Amino acid sequence: GHLDLATNECRRVLALKPNDISALTNLGLLLSDQEKYEDALFFLNKAKTLELNAEILNNIGVTYERMGKYDLAVNNFSEALKLNPDAIEVLINCGVTLERLGKLDEAITYANRIIQLDEKNEAGYFGRAACYEKLQSLDKAIADYTKVIELNSTKKHGAQWNRSLVMLCKGDYEQGWREYEHRLEIDYAKALYNTEQLKEFAWNG
């Protein structure tokens with residue numbers, strides 16, 4: 001597949017130039033995508049010894065996060081942010097990992113920073129809403145999910161679903177059930193659309 005071809009190309013480059021930082025980093029990312037995490041860390045850490053930058057540290061953090069080693073992931077994200085405090089991708093990754101660790105107040109701090117840097121960033125509002133939901137700050141969670149919906153982002157449908165569940169938890173049964181049932185209708189329509197029968201109908205009228 002494409003991953004194998006790209007992996008082999010990186011290895012070819014490294015056979016000629018063992019300290020090529022770009023090839024080391026790319027190979028680490030490719031191996032991480034293939035769930036070969038220990039191998040990925042070997043190449044990413046080698047790249048790190050040659051050039052300490054936020055991108056490499058972020059990639060190491062992502063690999064640790066995929067391994068479920070959240071503390072190590074946060075450590076690398078934090079180091080990356082020391083080098084580039086405004087790196088939104090790293091802020092998002094760190095916030096998500098802190099949420100998984102149950103460090104919700106810290107995760108909210110990162111979400112606030114993301115929104116401060118980019119007031120239309122869907123991940124900032126969505127992540128903060130998830131934290132507020134876990135903290136039982138339901139009105140704040142609803143407000144942030146609503147903001148995601150208003151942004152008409154890729155996370156819109158997920159936000160609609162989550163908002164409906166928060167509304168039900170809050171006791172707003174009428175609106176909560178309305179949104180919940182609407183979301184079920186959307187999922188059902190998507191399932192129908194994905195059938196070969198409906199595709200044929202769409203093409204043939």
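**View 1. The left-handed crossing of helices α8 and α9**. In this predicted model, α8 and α9 cross in a left-handed manner; a crossing is left-handed if the near helix is turned anticlockwise from the far one by less than a right angle, and right-handed if clockwise. Helix α8 covers residues 122-134 and helix α9 residues 138-150, helices being DSSP runs (H or I, at least four residues) numbered from the N terminus. Their axes lie 8 Å apart at an angle of about 160°, where axes are lines fitted to C-alpha atoms over the stretch in contact and angles run from 0 to 180 degrees between N-to-C directions. The two helices are therefore roughly antiparallel, a term for angles over 145 degrees, whereas those under 35 count as roughly parallel, 65 to 115 as roughly perpendicular and the rest as oblique. Contact residues (heavy atoms within 4.5 Å) include Tyr125, Phe126 and Tyr132 of α8 and Leu138, Tyr145 and Val148 of α9. By class, the contact holds nine nonpolar, no polar and six charged residues; Ala, Val, Leu, Ile, Met, Phe, Trp, Tyr, Cys and Pro count as nonpolar, Asp, Glu, Lys and Arg as charged, and the others, Gly among them, as polar.

**View 2. The packing of helices α4 and α6**. Helix α4 (residues 54-66) packs on helix α6 (residues 88-100) at an angle of about 25°, with 11 Å between the axes. The pair is therefore roughly parallel, and the crossing of α4 past α6 is left-handed. From α4, Asn58, Val62 and Glu65 meet Glu89, Val90, Asn93, Thr97 and Arg100 of α6. This contact comprises two nonpolar, three polar and three charged residues.

View 3. Leaving aside residues up to four places away in sequence, threonine 25 touches Leu44, Ala47, Ile56 and Asn59.

**View 4. Arginine 12 in helix α1**. Arginine 12 belongs to helix α1 (residues 2-16) and is partly exposed, at 44% relative accessibility. Its side chain makes a polar contact of 2.6 Å with that of glutamate 9; such a contact is a pair of N or O atoms within 3.5 Å, and within protein one must be able to donate a hydrogen and the other to accept it, while residues adjacent in sequence count only if both atoms are side-chain atoms.

**Notes.** Residues are numbered from 1 along each chain as its sequence is written, and side-chain values use heavy atoms, without hydrogens and water. In this predicted model, local features need pLDDT of at least 70 and side-chain atom pairs count only at pLDDT 80 or more, while totals for chains, interfaces and linings use all residues.

Definitions and conventions. Buried means under 20% relative accessible area, exposed over 50%, partly exposed in between (1.4 Å probe, protein chains only).
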